[in-house]
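Subject: Model for your review

Dear colleague,

I am handing over the structure that I promised you, together with notes on what was found in it. Please read the notes with the model open beside you.

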Amino acid sequence: MNDDSEYESHVDPRDLLLRTDWNAVEHCCPDVAPATPVMLLELLDDDPGVQGWAFRALVEAHTRQQVFYTATAPAARFVAAVLGDPRTLRPVTDRVAQEEVEFGPQAPFPLRAGLLAWLGDSVVEALAQRERPYGDEEDLEAFLDLAPEFHAAARPFLDDGGGGSPEVREAALGVLLAVLRLPALADGIPGHRDLVRATALRDGPHRLRAVDTLSSWGEEVSHLL
């Protein structure tokens with residue numbers, strides 16, 4: 001999946017959507033936001049403006065206020081499956097007009113980086129909520145059950161060979177650090193231990209996440225704090 005030039009030849013986003021009965025699941029705002037399949041297809045629209053809007057809608061409708069919904073897991077599975085699509089490399093923004101007035105223009109970011117960051121941040125939030133979930137526990141666990149797929153989707157973008165930018169590489173690292181806390185990924189710990197330790201030792205946006213990952217493995221981390 002790390003060869004973008006061949007991606008569209010073997011992954012059809014519409015076929016991915018057919019794997020889910022979207023009438024049986026919903027996001028937070030069915031009366032306001034578009035249906036999930038509409039959002040997901042618009043992530044791959046030819047217009048970066050539409051893509052940025054769809055990304056914002058995806059985040060707000062499926063993990064609004066850190067709540068997980070019945071549509072969150074299938075939406076995240078679709079996102080993981082299409083990360084290699086070259087259309088996700090387009091630079092986008094996701095601020096509305098009022099936010100542009102309040103905060104100023106937003107620097108564009110690769111959509112792929114935004115999608116990876118959403119997956120990684122959502123895994124961290126889901127793990128934090130396990131003891132006291134805000135929403136339905138089954139929806140949260142359905143999302144976490146996809147951790148192996150998130151790992152497989154993010155791993156190709158950890159280096160330049162994945163065709164990504166520095167933002168994409170950092171976001172992929174964020175996913176990796178999050179999912180490696182789960183028992184389902186225990187077999188991957190030895191292969192990633194050096195990377196996680198190196199991340200915990202250097203300044204960067206994911207240093208504390210790396211420390212938390214090491215702690216979840218039972219390693220002593222007090223010297224890192």
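Helices (H or I, at least four residues) and strands (E, at least two) are taken here as DSSP runs and numbered from the N terminus. The model is a predicted one, in which local features need pLDDT of at least 70 and side-chain atom pairs count only at pLDDT 80 or more, whereas totals for chains, interfaces and linings use all residues. Residues are numbered from 1 along each chain as its sequence is written, and side-chain values use heavy atoms, with hydrogens and water left out.

I begin with arginine 193, which is found in helix H11. Its relative accessible area is 25%, so arginine 193 is partly exposed (buried means under 20%, exposed over 50%, and partly exposed in between, with a 1.4 Å probe and protein chains only). Leaving aside neighbours within four places in sequence, arginine 193 is in contact with Trp217 and Glu219, where contact means heavy atoms within 4.5 Å. From proline 105, arginine 193 is 88 residues away in sequence and 39 Å away in space, C-alpha to C-alpha.

Tryptophan 217 lies in the segment after H12 and is buried, with a relative accessible area of 17%. Besides Arg193, tryptophan 217 touches Leu180, Ile189 and Val196, again not counting residues up to four places away in sequence.

The packing of the helices comes next. The axes of H11 (residues 189-201) and H12 (residues 207-216) come within 7 Å and cross at roughly 130°; such axes are lines fitted to C-alpha atoms, for helices over the stretch in contact, and the angles run from 0 to 180 degrees between N-to-C directions. H11 and H12 are therefore oblique to each other, given that angles under 35 degrees count as roughly parallel, over 145 as roughly antiparallel, 65 to 115 as roughly perpendicular and the rest as oblique. The crossing of H11 and H12 is left-handed, a term used if the near helix is turned anticlockwise from the far one by less than a right angle, with clockwise giving right-handed. On the H11 side the contact is made by Val196, Arg197, Thr199 and Ala200, and on the H12 side by Arg207, Ala210, Val211, Thr213 and Leu214. By class, this contact has five nonpolar, two polar and two charged residues (Ala, Val, Leu, Ile, Met, Phe, Trp, Tyr, Cys and Pro count as nonpolar, Asp, Glu, Lys and Arg as charged, and the others, Gly among them, as polar).

Leucine 214, found in helix H12, counts as buried at 3% relative accessibility. Not counting residues up to four places away in sequence, leucine 214 touches Val196, Arg197 and Ala200, and also Glu219, Val221 and Leu224.

Phe150 leads on to the nonpolar core. The largest such core has 58 residues, and those with the most contacts inside it are Leu40, Leu43, Val79, Leu116, Leu119 and Phe150; a nonpolar core is a set of buried Ala, Val, Leu, Ile, Met, Phe, Trp, Tyr and Cys residues joined through side-chain atoms within 4.5 Å. Helix H10 (residues 166-179) gives the most to this core, with nine residues. Phenylalanine 150 touches Ala76, Ala80, Leu119, Val123, Phe143, Val175 and Val179, not counting residues up to four places away in sequence.

With best wishes
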